[in-house]
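Biologist: Can you walk me through this one? I'd like the helices and the charge pairs.

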Amino acid sequence: MSERNIRVEPIDRQAVEDQEVEIVERKGIGHPDSICDGVAESVAGALAREYLDRVGEVLHFNTDETQLVAGEAAPAFGGGEVVDPIYLLIVGRATKRYDGQTIPAETIALRAAREYLEETIPQLEFGEEIVVDVKLGEGSGDLQEVFGEDGEGSDADGPVGVPMANDTSFGVGHAPLTETERIVHDAESRLNGEFAAENPYLGPDVKIMGKREGDEIDVTVAAAMIDEHIADLDEYAEAVESVREFVAEVASEHTDRDVEVHVNTADDYEDGSIYLTVTGTSAEQGDDGSVGRGNRANGLITPNRSMSMEATSGKNPVNHIGKIYNLLSTEIAEAVVSEVDGIRDLRVRLLSQIGRPIDQPHVADVHVVTADGVDLAEVDESIEAIVDRELADVTGITRRVIDGELSTF
């Protein structure tokens, strides 16, 4: 029996797949909120790696308050222009002086932001169409000497290699994804992957909302089109239809239910009011953004399920519970469903207590919906063993985040 406080019990609701109404949302990588998440996480990773290279441990920092102020653009068929640039402010704390060394945290942040934006929104001219500023307050170098390159922790009261929780907070994860969740997540990922690679008129700002009522699924897509690659209204209409057909095909791979796909439903062709952009993101025209207002750690917004309000992106990956426990709870849920038969729906909640080792949560609470004919008593010990195993390897989350292996949004 584990010494950790792990609880396994029946869930207090139907499996989401059995509920009459389900709502799921995903904001694509070019959405203003996702831009903030992506830049904040890119900067966080760059700072963590730089600290490791320079001093052998990750020092105190957080960049999870990054904000975006929308610009103004004048899109036009064949190519328009950005009139007023987007403004992005990287906000947070960082250690700039440590053990006699000066660390150029803000320069590192600017470089990371530029590289991320050039990769994800190449149409956006850095320094002209988007202006990036950095305001990182001074962090204390003595505050968090908690993660050495060799994995050795520095807190004498905790297990070697296991840092103390920075806060009393919680993370939530669930598995398996429903059909609607998989459709929404996969459709955005593939639109911004294989589809955009072959169809350059599609911008990265793709937002998808899925609604299931009974066995009928409606998928609503907001897809920013890039004016440079669209000659006229007819080409725009063809582009919209291509997106609709692609999403419908993706949906058919995940469900046998009836699916209706709607794209850019606010368009008014008679008035010429369409979702045409210069850069492929609504951030160019009045749509602001903030870290933590978009996708949760599993890449979705799921009002049918419990969610943490913590922003996962930009937080220090060493002992910041808002990051670690949201990622870890999701991985635990996926591991349990993968390894234990007979589970239809599972929720994991991890609660920390400030100052406790992060592998010893205040409680690890697992709620389960089993399949018909499967008694929870038959599988609860197996579930607990997996939770215990994953908690014991909690510092692996830190390393994988720093190496860029885990997505936070």
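Modeller: Helices (H or I, at least four residues) and strands (E, at least two) are DSSP runs, numbered from the N terminus. This is a predicted model: local features need pLDDT of at least 70, side-chain atom pairs need 80 or more, and totals for chains, interfaces and linings use all residues. Numbering starts from 1 along each chain as its sequence is written, and side-chain values use heavy atoms, without hydrogens or water.

Biologist: How many residues of helix 1 are buried?

Modeller: 19 of its 24. Buried means under 20% relative accessible area, exposed over 50%, partly exposed in between (1.4 Å probe, protein chains only).

Biologist: Which salt bridge do R54 and E50 make, and how far apart are they in helix 1?

Modeller: Their side chains meet at 2.8 Å, N to O. A salt bridge puts a side-chain nitrogen of Lys or Arg within 4 Å of a carboxyl oxygen of Asp or Glu. R54 and E50 are 4 residues apart in helix 1, so about one helical turn separates them. R54 is partly exposed at 34%.

Biologist: How many salt bridges in the count?

Modeller: 32. One of them joins D359 and R4 at 3.2 Å, N to O. D359 sits in the loop between strand 17 (343-351) and strand 18 (363-370), and R4 in the segment before strand 1 (6-10), so the pair ties together parts 355 residues apart in sequence.

Biologist: Is D359 buried or exposed?

Modeller: Buried, at 6% relative accessibility. R4 is buried too, at 14%.

Biologist: Switching topic. What network includes R305?

Modeller: Salt bridges link R13, E181, R305 and D345. R305 and E181 come to 2.7 Å at their closest N and O atoms.
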